[in-house]
2 protein chains.
Amino acid sequence: MPAPHPLTPLLAPGSVAIFGASNDPTRISGRSLRYYREAGYQGALYPINPTRDAVQGLPAFPDLAAVPGPVECAVIAVPANLAIEAMEACVAKGVKAVVMFTAGFAETGPEGRVMQERIIQIAQGGGIRLCGPNCLGLFNMRAGHTPTFSSFLEEGPTPAGPLGMVTQSGAFGTHLLALSARRGIQVGIWLSTGNEADVSVADGISFLADDPETTAIACYVEQIKDGAQFAEAVARARANGKPVIAMKVGGSAIGAAAAASHTASLAGSDAVYDAALRQLGVERAKTPADLVEIAYACTRGRLPRSRRLAVVTMSGGAGVLMADAAEEEGLELTPLAEESQKEVLSWVPFAAPLNPVDVTAQALNDPSILDKGFDLLLGKENFPSMVGFFTTWASSPQMAEPLFRSVSSAAARYPDRYFALSAIASPEMQRRYEAAGVGLFEDPWRAVAAIAAAVRCAERLAAAPLPVPPVPRDLPPLPKGPIGEYEAKRILAEAGVPILTEFLATGAAQAASGAAKVGDRLVLKIVSPEITHKTEVGGVMLNVSAAEAGAAYDRLVERVKARAPRATIDGVLLSPMVTGGVEMILGVQNDPVFGPVVMLGLGGIFVEVLRDVTFRIAPFGVEEAHRMIAELRGAAILEGARGQPPCDLDALAAALSRLSLFAAAKCAEFTSIDINPLLVRPKGEGAAALDALILASDGTA
Amino acid sequence: MPAPHPLTPLLAPGSVAIFGASNDPTRISGRSLRYYREAGYQGALYPINPTRDAVQGLPAFPDLAAVPGPVECAVIAVPANLAIEAMEACVAKGVKAVVMFTAGFAETGPEGRVMQERIIQIAQGGGIRLCGPNCLGLFNMRAGHTPTFSSFLEEGPTPAGPLGMVTQSGAFGTHLLALSARRGIQVGIWLSTGNEADVSVADGISFLADDPETTAIACYVEQIKDGAQFAEAVARARANGKPVIAMKVGGSAIGAAAAASHTASLAGSDAVYDAALRQLGVERAKTPADLVEIAYACTRGRLPRSRRLAVVTMSGGAGVLMADAAEEEGLELTPLAEESQKEVLSWVPFAAPLNPVDVTAQALNDPSILDKGFDLLLGKENFPSMVGFFTTWASSPQMAEPLFRSVSSAAARYPDRYFALSAIASPEMQRRYEAAGVGLFEDPWRAVAAIAAAVRCAERLAAAPLPVPPVPRDLPPLPKGPIGEYEAKRILAEAGVPILTEFLATGAAQAASGAAKVGDRLVLKIVSPEITHKTEVGGVMLNVSAAEAGAAYDRLVERVKARAPRATIDGVLLSPMVTGGVEMILGVQNDPVFGPVVMLGLGGIFVEVLRDVTFRIAPFGVEEAHRMIAELRGAAILEGARGQPPCDLDALAAALSRLSLFAAAKCAEFTSIDINPLLVRPKGEGAAALDALILASDGTA
């Protein structure tokens with residue numbers, strides 16, 4: 001038997017005490033107790049109330065010490081000035097987890113932040129896991145455990161369903177719970193994390209990853225505090241076969257500012273979040289409605305096996321619309337075999353038999369067309385997924401029952417298939433379809449989009465995680481301050497990033513004698529720790545012949561001295577003059593959330609005008625690097641657009657992966673790394689960093 | 001009094017006859033009559049049924065001739081083989097409009113197409129406007145006029161509301177009607193057009209544009225048959241202050257193929273449709289849900305006055321989300337004045353007072369915060385639009401009434417403002433808000449997106465239509481066949497498209513003597529009717545000095561003769577060698593729907609790799625051309641990115657407009673026009689077509 005998850009005392013405790021439990025079940029301090037009783041909590045439940053013998057019909061205790069048995073979890077709803085005392089009582093009692101509704105901590109300013117720090121210290125000292133403060137709490141409907149005052153439970157307990165939900169905001173979490181319930185999704189476990197003094201969204205995902213009855217996890221994130229912890233939790237969910245769907249807000253400038261004022265900490269770049277979520281295999285939802293629809297699609301008891309989709313419709317227009325949606329979402333409407341098409345036409349002469357299969361309104365007259373159609377598509381044609389458009393038939397007096405009979409029996413005959421309908425039905429009929437394993441969507445576009453999201457989730461779960469090479473451990477320490485081209489390239493080359501054969505000359509004679517080793521045609525570049533923008537001081541000479549190298553050395557040094565008289569000149573770097581290939585820009589930033597993040601862009605207008613860049617959290621392997629390259633809008637340039645030969649994508653991917661390993665190894669020692677450009681040469685000819693700059697951690701540009 | 005709209009006999013007739021009216025109100029042939037009676041139609045209603053004296057309680061007539069009074073509109077639901085006879089009876093009776101449900105015409109193949117042609121002839125000969133065949137009919141709930149068998153009316157008549165709807169597909173139209181009704185939108189008039197033998201979606205828009213009680217028009221289009229007619233109808237709606245919202249399907253390859261098989265005609269390019277709808281001022285909705293939400297936002301009795309939006313929320317997370325949505329949708333969350341911010345903080349010390357204004361859950365304790373907040377935002381801060389996030393408060397026993405009181409009284413105090421809520425309410429409460437002029441959205445993102453769509457609609461209605469210069473009428477006819485560079489440029493220059501000073505030399509001596517008139521440095525290009533790709537035969541020489549022009553002439557001709565020995569050589573074109581500026585690609589195609597359509601793209605990778613092009617229907621003026629330029633993803637290149645001087649955008653816009661006027665004037669005479677490249681020089685220095693090719697209508701490339 002595996003060890004229980006560390007959050008078990010918080011999310012599935014055997015005994016609970018409620019500080020400040022009110023006898024009034026409508027008040028914040030009374031709601032949680034009321035919810036426990038309505039949900040049928042089977043553990044020991046102890047209201048703490050110094051002024052009453054009984055609260056809401058349960059015997060009350062004047063303080064925690066007076067509780068006779070052990071207390072695993074405590075709910076603290078007392079005012080902030082009493083919270084520390086309550087925490088200390090919890091430590092004394094041996095409580096393992098606390099849900100703290102109390103506001104007035106870090107979200108209110110410096111004073112509150114100090115109080116929150118004190119609470120954290122007490123919790124850590126006493127071995128208590130703390131949810132909140134300033135949170136709406138959580139529920140686990142499987143256990144009837146309801147330490148929350150969310151108004152979502154006001155209308156009674158919710159059925160313990162397969163979706164797990166973690167939301168940083170409790171108010172917005174309540175909104176998502178309400179939207180989900182209206183959509184017919186049952187949330188078994190919900191956790192709101194508030195100020196995240198201890199327990200984070202990642203902790204919640206981790207618990208849900210282990211919970212055997214949770215099949216999918218939805219979360220709402222304003223900011224991730226610890227990228228590595230988040231990655232680990234998501235990996236755990238993935239290993240246990242559960243899709244994670246996330247909405248991350250704060251992508252806009254005003255949104256980020258609002259998030260910062262709301263949560264008292266700076267939000268990271270949305271582009272980095274977006275790349276990180278993709279890399280981790282999280283399905284990102286843009287809007288609440290999207291989150292709910294994707295969660296709905298992912299909790300139908302199965303996931304689609306592949307991108308092949310059969311569309312069957314009674315309206316040609318809806319078929320066109322769903323074909324549009326499928327193309328946009330990357331689903332494949334493979335056409336029916338000719339024989340199958342003939343079969344469709346034998347039932348309905350004016351049908352469109354290809355896929356979408358438009359059976360027209362003919363099924364109104366002959367509902368057996370539906371049975372035959374479903375058997376053809378799921379049986380003979382063996383489609384893993386099918387979506388049917390039947391509009392108001394699902395609620396029409398004439399067609400509702402025949403349609404349901406036909407659909408539900410097909411779903412029963414093919415229990416491993418993913419079957420969805422776009423139709424308008426009563427809530428009761430909707431529940432009947434869901435019980436038969438068939439999801440209902442009012443909007444046909446949305447039906448296809450949600451199926452596509454479920455396909456992506458299934459694909460991620462089916463694929464093995466991409467391999468990540470080991471991070472090198474024995475690299476020498478980086479020098480301090482800005483590291484210029486020559487040194488930076490040497491360091492990167494050591495880490496496996498390709499560079500050209502180069503030669504550092506410290507005098508004209510040395511340049512003249514060493515030039516031939518480098519090549520026939522050379523580039524000369526000034527080497528000076530003070531000069532980071534070489535071209536601005538005339539510090540670069542292009543296309544110099546090896547024979548002229550000595551004279552060019554002197555001319556170059558003289559020119560730079562005239563323009564930058566105070567710069568120390570360490571010499572001149574001789575590099576081969578290379579032409580052909582595509583220039584890329586590679587960079588690394590140390591992100592406050594995710595640590596070192598590697599950026600890739602195409603040089604020139606792609607980066608400067610189109611901001612066509614993509615990101616990955618370091619470290620990663622070449623497979624991930626190839627995905628990164630393919631994400632660029634201008635990727636076709638590398639694949640040989642405009643009559644150019646295809647580039648050496650493998651060399652680029654290898655360079656990216658090596659850079660990421662170096663960045664992961666050295667993240668404590670640098671602020672940023674730039675390789676601009678990295679020249680990617682034609683296939684088979686490799687790549688080379690033509691210029692590089694490292695800003696070491698104490699460095700200034 | 002204005003003349004009645006030509007479609008009045010179809011959409012608001014005083015008398016109606018129903019061919020094949022069945023006594024069974026559940027059958028297709030009985031439904032329409034039942035709907036008429038339930039809707040309380042006040043005109044004369046005549047069931048035609050040769051086998052019964054009475055149908056559904058009304059006296060029936062054996063044939064149309066037997067009807068005592070005049071018949072303005074007839075419903076034909078008889079089988080296809082009887083439809084011609086019925087049409088002929090309509091002509092004899094002086095019927096002005098027919099709604100034909102009957103299927104089995106053009107949608108079934110060549111035979112049906114012939115029958116449909118016959119029906120059209122009869123209708124035209126008799127002065128009858130024909131809706132269908134193969135349609136679900138229409139309704140006008142203001143008149144109780146229901147010539148339809150759509151199941152939408154099965155549950156009783158729908159209230160006559162402000163939205164007008166036109167859908168090519170009747171089945172999908174029924175779905176949209178059902179979705180709209182569930183959303184609380186009342187559709188007063190609906191028209192489905194089926195095969196569009198006569199009456200089209202554009203006709204429907206035109207009627208709704210004139211209908212005084214319709215305030216917004218939604219339509220669903222699979223294909224537009226006549227772009228000019230559609231444009232005219234939309235212009236009419238716009239002139240009458242009504243937004244038009246359209247969903248156009250068939251954008252994908254499979255979708256287009258499905259649309260073609262469904263409607264028996266080829267769909268146009270979606271990119272052209274998209275540009276045309278934008279140019280015409282139509283709000284395009286991508287999904288049915290979008291269409292419904294935008295229609296909802298546009299039928300709240302007013303439209304937003306500007307892009308400024310106030311966001312007020314009880315959840316910080318929702319505020320962040322709505323700020324993200326506002327940025328994506330181009331709405332402006334202008335921050336509150338400092339004094340106003342202080343006022344907010346005086347009510348709620350921990351509020352976020354900037355905008356979004358997060359009043360936190362404090363209003364639970366003190367609902368007067370809401371009144372004060374609304375007054376501050378709509379009064380002192382004078383926001384034209386406001387969206388509030390109040391989640392389940394709208395349905396909570398404690399907050400539902402105080403919230404409604406506060407919101408509805410603010411809406412009444414500021415009746416010219418656009419007020420929306422994101423909240424979860426019962427259908428009854430939803431209706432109460434709507435009656436108070438406040439729209440409700442469950443999803444806060446969607447609320448912002450729908451408001452933004454309403455803003456766009458309002459902006460289009462407020463702006464005067466862009467001026468279109470007159471199309472030139474006195475241009476000489478185009479020569480037949482492909483028109484090469486020299487001639488094409490001359491023709492385009494005549495039409496006002498700028499070209500460089502050029503000189504056509506027919507011999508070396510002439511080249512030598514004429515060169516100086518052209519410039520110091522020249523480009524020489526071969527002129528031959530057979531050679532359209534000059535560089536492929538070595539037919540271009542760059543950067544030739546004027547002094548060398550004679551010798552270069554001979555070398556060029558010799559080179560071309562070697563590679564293309566059979567080509568007639570008319571001479572060599574001498575042009576000035578120009579550098580600097582940005583190369584654009586301009587083109588014109590004759591679109592089957594919209595006529596001549598002008599394309600614009602940036603040369604090089606933008607067109608070839610990124611497919612960064614945009615379109616406009618010809619003719620258009622320079623203002624529209626400027627909008628076109630701004631739509632390019634790479635537009636920053638023209639505005640002076642990467643240290644280049646800004647380009648002469650006015651010259652580019654003028655060239656585009658002139659090209660569009662030429663294309664409109666000559667559309668009957670060409671297949672395509674290409675200007676590749678048009679060089680746009682730095683601001684003030686103009687633009688010039690450097691190469692051009694016209695394919696005249698009988699030409700082959």
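**Entry 1: the chain as a whole.** I began with contacts in chain A (heavy atoms within 4.5 Å). Of those with a separation of 6 or more, 71% are between residues 24 or more positions apart. I then noted that buried residues make up 59% of the 701 residues in chain A; buried is under 20% relative accessible area, exposed over 50%, and partly exposed in between, with a 1.4 Å probe and protein chains only. Chain A has 23 helices and 29 strands, taken as DSSP runs numbered from the N terminus (helices H or I, at least four residues; strands E, at least two). Along the principal axes, the C-alpha atoms of chain A fill a box of roughly 95 × 80 × 45 Å.

**Entry 2: ground rules and confidence.** This is a predicted model, in which local features need pLDDT of at least 70 and side-chain atom pairs count only at pLDDT 80 or more, while totals for chains, interfaces and linings use all residues. Residues are numbered from 1 along each chain as its sequence is written, chains are lettered from A and ligands numbered from 1 in the order in which they are written, and side-chain values use heavy atoms, leaving out hydrogens and water.

I checked pLDDT, the predictor's confidence in each residue from 0 to 100. Chain A averages 93, and 98% of the residues score at least 70. Over residues 262-267 of chain A the pLDDT is below 50, and this stretch has 14 contacts in the model beyond near neighbours in sequence. For the complex, the predictor gives an ipTM of 0.91 and a pTM of 0.93.

**Entry 3: the two copies.** I asked what rotation superposes chain A on chain B.

The contact takes 73 residues from chain A and 73 residues from chain B. Between them the chains bury about 5500 Å², 64% of it on carbon and sulfur atoms; this is the accessible area (1.4 Å probe) that two parts lose on being put together, summed over both. His175(A), Val320(A) and Arg642(A) supply 10% of the area that chain A buries against chain B, more than any other three residues.

**Entry 4: helix 15 of chain A.** Which residues of helix 15 (residues 427-435) are buried? I found Met429(A), Gln430(A), Tyr433(A) and Glu434(A). Glu428(A) and Ala435(A) are exposed on the face turned away from the buried side. The buried residues pack against helix 5, helix 10, helix 14, strand 17 and strand 18 of chain A.

**Entry 5: Glu624(A).** Is Glu624(A) buried or exposed? At 8% relative accessibility, Glu624(A) counts as buried. This residue is found in helix 21 (residues 622-631) of chain A. Not counting residues up to four places away in sequence, Glu624(A) touches Gln279(A), Leu466(A) and Arg616(A).

Key: Least-squares fit on C-alpha atoms with pLDDT ≥ 70 in both.
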